[in-house]
Amino acid sequence: MKNHIKISVRNLVEFLLRSGDLSHVFDLSNRSPQAGIRGHQKIQRSRPESYHEEVAVSCRIEEDNFILDIQGRIDGIYELEEKIVLEEIKTTSRELEAFMSEEASLHWAQLKTYAAIYTSDHKLPAITGQLTYLQVSTGEIKTIFQDFDSAELNIFLLDLAARYLKWMEKVQDWQHSRNQAIATADFPYAGFRKGQQQMIDDVYETITTQGQLIIQAPTGIGKTVAVLYPAIQSLADGHIQKIFYLTARGTGRVIAEKTLEELKAKGLRIKYVTLTAKEKVCLSSEKNCIGDECPYTKGYYDRLRSALEVLFTCDAFTQDVIAVIAQEHQICPFELSLDISLWMDCIICDLNYAFDPRVYLKRYFLESSFDCLFLIDEAHNLVDRSREMYSAQIQKSHFLELRRILKNQSPKIYKQAGKINAKLLEKKKELMPEKQSWETEKPETLLSLLRGLTLSIESGFKNEIKADLKQKVLDFYFEASWFLRVADLYDDNYATCYEIDERDLRIKLFCIDPADHLHLALERARSAVLFSATMSPMSYFAQVLGCREDVVQRTLPSPFPSENRCLLVDPNISTYYRSRPFTKEKLVRTVGAMISAKKGNYLVFFPSYEYLRLVLPLYQKSFPEQDILVQTPGMGERERITFLNNFSHENNRTLVGFVVMGGIFGEGIDLAGDRLSGAVIVGVGLPGISLERELIRQHFEDDDVPGFNYSYLYPGLNRVFQAAGRVIRSESDRGAILLIDTRYARPQYSSLLPEDWQTHLIASREDMRQSLDRFWRLS
């Protein structure tokens with residue numbers, strides 16, 4: 001059978017013919033896509049009755065081993081008496097002359113491809129092409145015409161097809177070898193853990209039925225391999241074309257890479273790339289990240305072709321591998337990873353690349369059509385992450401800073417920033433003395449001023465801004481532009497929040513309920529699997545994550561013996577905010593008694609840094625024989641690793657880590673064996689009361705949904721579950737967990753604890769000591 005390949009005209013032309021530098025910073029992609037759509041429609045509506053818009057065209061080219069379908073949509077066609085004219089419309093927020101000089105050759109190639117297909121279909125000897133350019137900010141329009149001979153167009157099209165199929169022959173050879181290897185590769189481990197085979201079967205069925213699946217699978221079941229193994233099988237079986245392994249944390253990326261390498265060690269072959277944030281891989285940190293200033297973006301496409309040849313000599317494109325290739329070819333590593341990803345079987349990346357409108361991969365989800373699978377690791381994180389993805393904020397102080405640095409450089413920008421600052425100062429005075437307020441309307445006057453400011457920055461950026469200030473101005477431009485884009489998304493699921501913080505005014509377009517946005521994003525994939533150890537209650541996650549109504553929900557049991565975990569609940573200490581000063585001594589005694597029952601390493605989780613700092617001095621004074629480590633705000637990756645390295649099974653003294661729930665130690669850490677003996681969880685993890693949390697509560701109550709549960713209770717308890725999951729990591733692990741709060745005795749809270757948690761409600765510290773003594777004696 002011949003291999004059947006489909007490609008759009010635009011993607012075909014750009015892959016083979018793009019040259020020169022990376023796109024300019026003020027390209028249309030930095031604005032709302034609606035601006036480009038409106039520009040197209042404006043021009044199309046101005047055309048005469050003989051004009052036909054959005055005309056679909058396609059052609060099929062067959063060779064010995066391939067059937068190539070080339071498809072596209074012509075923006076418009078004039079059917080005149082004397083000739084036929086094909087129009088291609090291009091919109092930009094850049095200066096037209098600069099945009100046309102850099103991009104026109106590619107645009108003509110795209111139009112020639114359309115023209116070749118159209119003349120062949122309609123048996124025309126010749127045709128006229130028309131390129132129309134619109135500057136979306138000023139409304140300026142420029143038009144260029146060119147006549148084409150159909151014979152020359154046909155040669156041009158066949159040459160493109162031949163060059164593309166030559167490349168695809170290498171790709172198809174790889175895919176054939178890959179599929180053979182997958183078919184004969186063994187599962188990487190000796191056997192399946194309890195529940196793991198069920199998870200593998202569920203994932204495979206979800207992919208084959210193009211469904212959605214939510215899985216709550218406990219720590220230690222082997223979730224990563226249980227989703228990747230059936231996904232790769234589905235790839236070989238032709239059900240999907242690409243796997244997106246989406247993570248919320250760097251640790252998830254590392255585990256995915258490790259799992260793929262273990263599968264490859266068993267004979268399986270798969271190509272994968274890890275996408276890393278641009279700032280973490282930049283080779284030119286001393287330069288502005290601007291096309292005409294960075295040496296790794298100048299001439300990027302001229303050097304990309306040779307760099308892509310490495311695709312056929314390497315299978316694993318990790319951050320380090322990408323850096324080596326980029327350095328060798330002197331091209332941007334971040335953009336290289338994106339271009340390489342088009343030819344990968346699996347893409348490991350942050351949640352942002354599938355869901356965040358600022359950075360989601362348009363080459364997959366907007367410009368092309370792929371049968372993709374989303375594997376969403378630690379999916380519980382997507383709830384709060386998505387609220388931030390679809391929200392935007394600006395601060396008054398930023399406009400003052402912009403005025404300060406541009407006072408003597410750009411009078412127009414300086415004046416525009418001044419108008420906005422004055423408007424915000426007026427709003428700040430209105431807020432006093434409450435310091436915060438909200439409304440359900442977007443701030444139209446402010447938005448109008450912001451549009452004017454961004455246009456001024458666009459027009460003056462190249463000639464008015466000094467080189468050493470360009471990056472600062474650019475950062476501000478993106479902040480303001482994103483605020484304007486979110487304003488286009490604003491609906492009943494949004495609120496405008498005003499808040500004074502340390503004399504500065506913050507305005508936030510807050511996405512209260514991102515479910516509609518997430519639903520659209522999930523529908524970009526053929527199938528989606530959302531998995532985590534904490535997805536309870538599932539009905540809550542299914543709703544707030546925008547899943548389909550027929551999403552399959554699965555809860556899997558723990559694979560580890562229940563007798564290996566001692567789970568105690570102390571309902572005798574109140575951790576309410578108002579009670580903390582009066583119960584801290586009792587809390588210290590209880591925590592100390594639990595930890596003193598056995599020498600080892602422990603984590604004590606607090607709901608906030610404030611609470612942690614309240615208890616810490618008293619605990620240090622009460623238990624000087626214990627070594628204590630303390631999490632601090634803003635800990636980086638290196639500090640995190642150093643902190644965790646202290647948790648050794650060779651420690652001579654008891655080690656206690658004071659940390660915060662929901663933070664960098666609340667999930668995604670693996671302290672197996674004696675590296676962690678137990679955990680104390682202080683409180684029920686509820687987020688602090690805030691304007692945003694209250695808006696969430698009210699929003700769901702208005703929809704007859706328990707607002708307190710959606711805003712506070714469910715997010716809080718999932719933090720508790722994540723913290724408790726740090727203790728038992730393998731079949732041989734034994735550990736103790738202590739939950740402290742009066743609320744654990746209430747059905748509202750206790751009914752939500754996992755079904756496999758065999759908790760013991762303790763009456764006193766002596767009761768706790770006896771329970772722990774019995775447990776540890778069995779070790």
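1. Helix α21 (residues 580-596) and helix α27 (residues 765-777) pack with their axes 10 Å apart and at an angle of about 15°. α21 is therefore roughly parallel to α27, a label for angles under 35 degrees. The crossing of α21 and α27 is right-handed.

2. A word on the basis: this is a predicted model, where local features need pLDDT of at least 70, side-chain atom pairs count only at pLDDT 80 or more, and totals for chains, interfaces and linings use all residues. Numbering starts from 1 along each chain as its sequence is written, and side-chain values use heavy atoms, with hydrogens and water left out.

3. On the α21 side, Lys586, Arg589, Thr590, Ala593 and Met594 meet Arg765, Met768, Arg769 and Leu772 of α27 (contact means heavy atoms within 4.5 Å). The residues of this contact divide into 4 nonpolar, 1 polar and 4 charged.

4. Which residues of helix α10 are buried? In α10 (residues 319-329) they are Ile322, Ile325, Ala326 and His329, buried being under 20% relative accessible area with a 1.4 Å probe, protein chains only. They cover an arc of only 100° around the axis, so they lie on the same side of α10.

5. The buried residues of α10 pack against β9 (272-274), α9 (300-308), β10 (316-317) and α11 (333-341). On the face turned away from that buried side sit the exposed residues Asp320, Val324 and Glu328 (exposed is over 50% relative accessible area).

6. Do look at Gln330 too: just after α10, Gln330 takes a positive phi of about 55°.

How values were computed
Axes are lines fitted to C-alpha atoms, for helices over the stretch in contact, and angles run from 0 to 180 degrees between N-to-C directions. Helices (H or I, at least four residues) and strands (E, at least two) are DSSP runs, numbered from the N terminus. Angles under 35 degrees count as roughly parallel, over 145 as roughly antiparallel, 65 to 115 as roughly perpendicular and the rest as oblique. A crossing is left-handed if the near helix is turned anticlockwise from the far one by less than a right angle, and right-handed if clockwise. Ala, Val, Leu, Ile, Met, Phe, Trp, Tyr, Cys and Pro count as nonpolar, Asp, Glu, Lys and Arg as charged, and the others, Gly among them, as polar. The arc is that of the directions from the helix axis to the C-beta atoms.
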